[in-house]
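Please look through the model first, then read the points below.

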Amino acid sequence: MGIKVAKFGGSSVADGIQLTKTKQIIEADPERRYIVVSAPGKRFDGDNKITDLLYLCKTHMEHNLPYDQVFQVVTDRFMAVELNLGVEVDLQEHFDRIKENLKKGCSADYIASRGEYLNAVLIAAFLGYDFVDTEGLIKFDNKGRLLLEETDVALRDELSKHERAVLPGFYGTNEEDGKVRTFSRGGSDITGSLVARAVGADVYENWTDVSGFLMADPRIVKNARPIHKISYKELRELSYMGASVLHEDAIYPARIANIPINIRNTNLPEDPGTIITAEHDETSTNVVTGIAGSKDFLVIAIYKNMMSSERGFVRRILAILEDFDINFEHLPSGIDTVSVVISRKSVDGRMDELLEAFEKQLSPDNMEVFEDIALIATVGCGMSRRSGVSATLFTALADADINIRMIDQGSSEMNIIVGVENKDFEKAIKAIYQAFE
């Protein structure tokens, strides 16, 4: 029998109703043997995530404010789920221990992790699976960096003892002092990926409240076409350009083990979702896989005669940016010109200082600053094998009366990035989407 690791996000485990759906999904496929769960998320607009309430308890305590009422909201919610599911877990014992640790001044990481911990205990009882705590199995160093290989060994050794198990996502342990440590972002997604690698899963299923990825942001393009298959490289390009997808840290453990990731919808389990694989789907006839972008960039165009023959010119640009602690997004160049593309937020009121440094250290003939620029990436491995892709894209923008302020194409020929004015951002995405739909 094969092995599937299934991770269920906060919306999938928010209450008894959602957990009943989750159980049906798990039991529909006996290969779903290792389950990773988040803390309960919002049940409706205006509701609170359990993790946010737990952080609030800690904040109240640090400011010498009573936190009992907030903690009671957390305990009541878990008790209600226990009652709705018809399982018997001694939750009170867990609540008492958590409250005792709060009084002793536990870390914010510890208290924040208890949502996943309590939920995993409940769900393991509901499914009849073993509960396996990730404390002591997922290991971090003193700087909060994941110790990937040590974690893989610990997880593999422990999970080999369990035919089926539920594990809490989001946290592990500092290897030196043994204290609970949480991931900074996408924690439960990362946990699922680590577990998939450790057990040699055939597929890592990530269950959430959407049916995979769409070719464009549905807030901009109505009824955007779903992406059925996407390669890790394409996903990384789209993610970097602002698409709300899995974080790179959540993909990496599965990617190095060559395990496909399947994004699925708990509320529509019949939808196939999106499969993320190591290689591009060669059978796909789609030229473009996805379109993504972000607003609020600056372009500093630097002109200098004979720039191409001046050694170290670009290196000096990058050194100046490093001194200002500014990351560059793109660096398109010509013979005597180079354009530095940076986010407006990263400049943060230091524009005059930055231009002064460029002037002093580069001695350019001229500099121009273009503000309010949006960057849009059109991504697809199929682009490199098709002629006329750029022409189609630029014609679509011209027909929509959109002025292109910048063009940059990666050497892999997997993406074309255009810069347009902020005001044209949505219109440009719609035009590109319609051209390649």
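The axes of helix α13 (residues 389–399) and helix α14 (residues 425–436) come within 9 Å of each other and cross at roughly 135°. Axes here are lines fitted to C-alpha atoms, for helices over the stretch in contact, with angles from 0 to 180 degrees between N-to-C directions. This is a predicted model, in which local features need pLDDT of at least 70 and side-chain atom pairs count only at pLDDT 80 or more, while totals for chains, interfaces and linings use all residues. Residues are numbered from 1 along each chain as its sequence is written, and side-chain values use heavy atoms, with hydrogens and water left out.

**The α13–α14 pair**
- α13 and α14 are therefore oblique to each other, since angles under 35 degrees count as roughly parallel, over 145 as roughly antiparallel, 65 to 115 as roughly perpendicular and the rest as oblique.
- From α13, the residues V389, T392, L393, A396 and L397 make the contact, and from α14 A428, A431, I432, A435 and F436 do so (contact means heavy atoms within 4.5 Å).

**The whole protein**
- The protein has 14 helices and 18 strands, where helices (H or I, at least four residues) and strands (E, at least two) are DSSP runs numbered from the N terminus.
- Its C-alpha atoms fill a box of roughly 75 × 55 × 40 Å along the principal axes.
- Of the 437 residues, 52% are buried (under 20% relative accessible area, with exposed over 50% and partly exposed in between, using a 1.4 Å probe and protein chains only).
- Among contacts with a separation of 6 or more, 75% join residues 24 or more positions apart.

**Helix α1**
- The 12 residues of α1 (residues 16–27) should span 16 Å at 1.5 Å a residue, and the end C-alpha atoms are 16 Å apart, which agrees; the expected span is 1.5 Å times one less than the number of residues.
- G16, Q18, L19, T22, I25 and I26 are the buried residues of α1, and they pack against β1 (4–8), β2 (32–37), α3 (68–85), α5 (108–127) and β8 (203–208).

**Residue E234**
- E234 lies in helix α8 (residues 232–240) and, at 1% relative accessibility, counts as buried.
- A polar atom of the E234 side chain lies 2.8 Å from the backbone nitrogen of C381.
- Leaving aside residues up to four places away in sequence, E234 touches H280, T289, V379, G380, C381 and M414.

Note on methods: A polar contact is a pair of N or O atoms within 3.5 Å; within protein, one must be able to donate a hydrogen and the other to accept it, and residues adjacent in sequence count only if both atoms are side-chain atoms.
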